[in-house]
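Grab a pencil and work through these exercises with the structure open beside you. Each task comes with a solution in steps.

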Amino acid sequence: MRREIPLLITFLVGIIFLFGPITTGNIPVLEMSFRQIVSTYLSPWTTIITAFAIGLASINLLRLHGSYVARKRSGWINSAALVISMLFFTVARIIRELRPTDPEVVAFYGRIFDNIAAPLSGAMFAILAFYIASASYRAFRARSLEASVLLVAAIIVMLGAAPVGALIWDYFPSLQRWLLAVPNTAGQRAIIIGAAIGGFATSLRILFGLERGYLGGD
Amino acid sequence: MELVKGNIFGFWAMVVVSICVVLVVYLTKNGKFLVKLRRIAGLEAIEEAIGRATEMGKPVHFSPGIADVTGDTAPQTFAALEVLTYVTTLSAKYNAELIVTIRMPNVFPLAQEVVRQGYLAAGKPDLFQEETVRFLSSEQFAYIAGVLGIFTRQRVAANLMIGAFWAESLLMAEGGSQVGAIQVAGTANMHQIPFFVAACDYTLIGEEIYAGGAYLSQDKVRLGSIAAQDYVKFALMASILVGAVMMTSGNDWLRVLFVK
């Protein structure tokens with residue numbers, strides 16, 4: 001039963017979610033549409049399960065980093081910073097929920113996001129620029145035929161997109177457009193179609209209980 | 001109850017594809033149909049990566065992507081959990097330290113269970129520690145900051161990334177490259193594939209990630225489903241060809257049928 005009940009729930013919920021957006025009208029006998037079942041019964045359950053999952057994950061995070069701090073493990077100061085900021089943001093959010101109309105509380109909560117969370121995320125995103133440069137350097141080293149083709153295609157696309165390209169050779173912009181519209185689009189569509197069918201087959205296996213790896217093995 | 005306009009063809013196509021998948025799976029399971037998958041270098045490299053990490057005495061990092069278990073990217077997360085089962089088995093076999101980092105809270109208990117059961121099945125339940133599967137943050141860039149911190153502090157020797165990735169894909173792949181980890185990555189998110197190709201040693205492209213579970217376990221049910229996928233793909237290729245010819249000759253019957 002440890003396997004059968006989750007598989008049955010997966011099948012039923014999967015079918016309801018599948019039919020929800022593609023059908024209208026009530027299901028005979030139940031006098032309710034699939035869409036109504038989703039919004040009335042399943043969506044609140046999704047929220048409840050997610051809330052429990054967040055609780056579980058937060059406990060894991062706190063216990064793990066709490067133990068690093070308690071044992072003064074190498075780099076424990078980072079763990080302490082994480083635990084303190086996590087508790088700080090939790091308390092801030094609780095106060096925000098308790099006093100939703102207090103302008104000072106709302107402004108303070110906005111400020112900590114605008115001045116702490118947003119710049120930190122922005123900084124991580126900005127690192128991408130440097131990483132693109134270093135990854136491109138390695139990828140474009142012409143060590144093999146494929147890498148050489150990649151290098152030539154990249155140079156044509158770059159020159160075609162830059163104003164200087166047209167000054168060097170009139171045909172660079174049209175060659176760039178052709179590369180993007182024909183070989184690139186064909187390759188992308190092939191990958192997208194293959195991935196979509198693969199995703200669909202995986203979903204079917206899960207729905208029919210043929211795929212049980214997510215339950216912790218066969 | 002009736003089907004919403006615009007979904008009629010999609011619904012019947014889904015029914016036909018489902019029947020095809022179930023039929024091929026049934027035939028494969030009963031030995032009436034033999035399926036042999038081509039060699040997928042990226043999946044074979046996983047054992048090499050874990051072996052290398054064991055020799056170096058450094059950890060193996062696994063990320064199942066940053067997608068949830070709901071929505072259109074959920075199959076990628078489930079495919080990643082399939083590969084995680086195999087990675088756990090190998091880690092147990094070689095006694096390699098495994099670190100699984102999680103972004104989505106809903107994926108966390110699933111990954112924990114997969115790893116716990118994997119160690120249990122390998123007869124080494126004591127290898128499962130609380131820090132084996134780590135929830136880092138549900139914020140995308142906070143998650144990747146945490147992963148990069150682990151890379152730098154613990155100098156991982158193998159970095160396996162299978163699942164749905166977005167802007168953090170290159171950050172993770174370059175972070176792994178900078179600490180000298182052997183890297184295997186795979187995603188069906190089209191725009192992240194070039195980053196993985198550029199920065200990783202092996203890349204699983206698109207549908208290859210869905211074949212991971214079947215390829216690594218050689219389970220007949222999963223192999224059958226992969227074969228069915230190929231038949232559906234052949235049918236689609238034929239319809240694209242026929243559709244192109246029909247549209248060129250001024251007949252839009254197939255196009256009208258597809259949007260019904």
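**Exercise 1.** Find which residue Thr23(A) stands opposite.

*Solution.* Thr23(A) faces Leu3(B), which sits in E1(B). Now step back to the strands (E, at least two residues; helices are H or I, at least four; both are DSSP runs numbered from the N terminus). E1(A) and E1(B), residues 2–3, pair in the antiparallel sense over 2 bridges; pairing takes at least two DSSP bridges between two strands.

This is a predicted model, where local features need pLDDT of at least 70, side-chain atom pairs count only at pLDDT 80 or more, and totals for chains, interfaces and linings use all residues. Residues are numbered from 1 along each chain as its sequence is written, while chains are lettered from A and ligands numbered from 1 in the order written.

**Exercise 2.** Work out how many residues of chain A are in contact with chain B, and which element gives the largest share.

*Solution.* Start with the count: 51 residues of chain A are in contact with 58 of chain B (contact: C-beta atoms, placed from the backbone, within 7 Å). Next, the elements giving two or more residues on chain A's side are E1 (23–24), H2 (34–70), H4 (103–139) and H7 (172–207). H7(A) has the largest share, 16 residues.

**Exercise 3.** Say what covers the buried residues of H5(B).

*Solution.* First, locate the helix: H5(B) spans residues 140–154. Its buried residues (20 or more other C-beta atoms within 10 Å of their own, C-beta atoms being placed from the backbone) include Phe141(B), Ile144(B) and Leu148(B). Their cover includes H4 of chain A, plus E2 (60–65), E3 (98–102) and H6 (168–178) of chain B. Just past the helix, Arg155(B) takes a positive phi of about 45 degrees.

Technical notes: Contact = placed C-beta atoms within 7 Å. Expected span 1.5 Å × (residues − 1). Buried ≥ 20, exposed ≤ 12 C-beta atoms within 10 Å, placed from the backbone.
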